[in-house]
Protein chains: 2
Amino acid sequence: MSTTRAQENVLASAQPPASRPGDRRSVIVEAALTLIAEGGVDAVTHRKVAAAAGVPLGSTTYYFESRAHLIRAAFDHYLERVQRLQAEIGAPDGSNAQALVDFLVAFAEREAQERSYLRAEYEMTLFAARDPVLAATLERWLESMVGQMADALARAGARAPEEAARSVLDLMRGFELSQLTRSAPDPTLRHRLGALLSAYLPSE
Amino acid sequence: MSTTRAQENVLASAQPPASRPGDRRSVIVEAALTLIAEGGVDAVTHRKVAAAAGVPLGSTTYYFESRAHLIRAAFDHYLERVQRLQAEIGAPDGSNAQALVDFLVAFAEREAQERSYLRAEYEMTLFAARDPVLAATLERWLESMVGQMADALARAGARAPEEAARSVLDLMRGFELSQLTRSAPDPTLRHRLGALLSAYLPSE
DNA sequence: GCAAGACTTGTACGATCGTACAAGGTTGTG
DNA sequence: CACAACCTTGTACGATCGTACAAGTCTTGC
């Protein structure tokens, strides 16, 4: 506890101190996330992370108060990654249902391509089941996704948009989860999402 | 590898050798499952399992060739447990949709009561993502559930019963997953399942 | 140019781990 | 009763872990 700074700023407030772009802290966090994606949370040890990041052991213990802090930082980094991915594909702003389904399918397919990072997402959920700090972060993220989805559904004229949004997201999560252990890619997602949405949308 | 027997029979062929009902092997497996439910797969170490089962360290290494074998046995035990639970609630044999939804909701609520074991289920999925042996077992179980669900939906007159079954199960899994990190229990599952099924069922 | 704080690094300690194994005990069968 | 197979147990080895920390180097504000 005698270390002096550089800790405690896990989410928000990116880099107050020195922080060149290729910051040492970022390199460590990215290495940790890669290790989680490849080998699960168990694979995150100070030594393995340091080796993967190409820094000595002392560096990871300098930037992170404990292993749990390092893991949380890696998951925060993952969430930023996913939000960037969502922004790239384009938010579900289409006012009709087809555009929304297109967005969801594109998102799922892109995630499936980088399957290892998909795994990190569910590692995060399980870790959060026993880490209240991460659970709060995750909850905030999930609720924000529900809100965005509900808005898009409302614009498309859906009844009970929030309930519909939760169903869509649960279906997506269940789908992604089953993709984790399956080799064949199940092409029916698009049709199944359409069927689910048809229960909430007026016409057709 | 110089040990002689009692190994290798993970699934099927319950107890060839001695096997009183309170078998030592079963005690160990149950302790391992409890540890997974409470602390995740990481918590399964030979020493912790032995302590939880009230047996010396040597016992767990005698009955299980390696830590991975022990974990697989624990998950096999979990699957038997879930199948027993399904049988107790009663299979989804009702020929109308309402009975099916009742079954699903009852199942989800009962699972939510023993949240720790719910956690074990998703620990299993993640473990299976990197353990081909367990992945095969899990895949078999999931496909069997899809089959049962599709049969029940077909009896209820659903179109595309297998596709509908997959959507129902994915929705359930996504729902359970979000329950893992949430405290409030979300009472909308029943209505949401009804909405999903209405897209596949003829009348109403 | 010089202190002070920020960063870097190597090394060390105690704990825990998977696994192996030898030495005994128990049990069933001829 | 004897022998073999099965079971039980305690102990040991080498590896890896989280964490602490002292000793350095670099940066920065004055």
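Author: Helices here are DSSP runs of H or I with at least four residues, numbered from the N terminus. By that count, B:A87 sits in helix 4 (residues 67-89) of chain B. B:A87 is exposed, because 9 other C-beta atoms lie within 10 Å of its own and a residue with 12 or fewer counts as exposed. B:A87 and B:A199 are 112 residues apart along the chain. Their C-alpha atoms are separated by 28 Å.

Everything here comes from a predicted model.

Chain A has nine helices and zero strands. Its pattern along the sequence reads α-α-α-α-α-α-α-α-α. Of its 204 residues, 35% are buried. Take the contacts in chain A between residues at least 6 apart in sequence: 61% of them join residues at least 24 apart.

Now the contact. Chain A brings 36 residues to it, and chain B brings 36 residues. On the side of chain A that touches chain B, the elements giving two or more residues are helix 6 (115-128), helix 7 (132-155), helix 8 (161-181) and helix 9 (189-198) of chain A. Helix 8 of chain A gives the most, with 14 residues. By class, this side of chain A holds 17 nonpolar, nine polar and ten charged residues.

How are the chains related? Two copies of a chain are related by a rotation about an axis and a shift along it. Here a rotation of 180° with 0.0 Å of shift along its axis superposes chain A on chain B, with an RMSD of 0.0 Å. That is the relation of a two-fold axis. Of the interface residues of chain A, 100% are also interface residues in chain B, so the copies meet through the same surface.

At 1.5 Å a residue, its 21 residues should span 30 Å. Its end C-alpha atoms are 31 Å apart, which agrees. Of those 21 residues, 16 are buried, so helix 8 of chain A is largely enclosed by the rest of the structure.

A:L169 lies in this helix 8 of chain A. A:L169 counts as buried because it has 20 C-beta neighbours inside 10 Å, and 20 or more is the cut-off for buried. Leaving out residues up to four places away in sequence, A:L169 touches A:M145, A:V146, A:M149 and B:G174. A:A43 is 126 residues from A:L169 along the chain, and their C-alpha atoms are separated by 29 Å.

The loops on either side of helix 8 of chain A each have a residue to check. A:A160 is in the loop between helix 7 and helix 8 of chain A. Its phi is near 40°, a positive value in a residue other than glycine. A:A160 is partly exposed, with 18 other C-beta atoms within 10 Å. A:D186 is in the loop between helix 8 and helix 9 of chain A. A:D186 has a positive phi of about 50°, although it is not a glycine. With 14 C-beta neighbours inside 10 Å, A:D186 counts as partly exposed.

Next comes helix 6 of chain A. This helix has 14 residues. From its first C-alpha to its last it reaches 20 Å, close to the 20 Å expected at 1.5 Å a residue. Buried residues of helix 6 of chain A include A:R119, A:A120, A:E121 and A:E123. A:M124, A:T125, A:L126, A:F127 and A:A128 are buried as well. What do the buried residues of helix 6 of chain A pack against? Within chain A, they pack against helix 1 (24-39), helix 4 (67-89), helix 7 and helix 8. From chain B, they meet helix 6 and helix 8 (161-181).

Helix 6 (residues 115-128) of chain B and helix 7 (residues 132-155) of chain B pack at an angle of about 125°, with their axes 8 Å apart. That makes helix 6 of chain B oblique to helix 7 of chain B. Helix 6 of chain B makes the contact with B:M124, B:T125, B:F127 and B:A128. Helix 7 of chain B answers with B:L134, B:A135 and B:L138. By class, the residues of this contact are six nonpolar, one polar and no charged.

Note on methods. Residues are numbered from 1 along each chain as its sequence is written. Chains are lettered from A and ligands numbered from 1 in the order in which they are written. This is a predicted model: local features need pLDDT of at least 70, side-chain atom pairs count only at pLDDT 80 or more; totals for chains, interfaces and linings use all residues. Axes are lines fitted to C-alpha atoms, for helices over the stretch in contact, and angles run from 0 to 180 degrees between N-to-C directions. Angles under 35 degrees count as roughly parallel, over 145 as roughly antiparallel, 65 to 115 as roughly perpendicular and the rest as oblique. Two residues are in contact if their C-beta atoms, placed from the backbone, lie within 7 Å. Ala, Val, Leu, Ile, Met, Phe, Trp, Tyr, Cys and Pro count as nonpolar, Asp, Glu, Lys and Arg as charged, and the others, Gly among them, as polar. Copies are superposed by least squares on the C-alpha atoms of residues with pLDDT of at least 70 in both. The expected span of a helix is 1.5 Å times one less than its number of residues.
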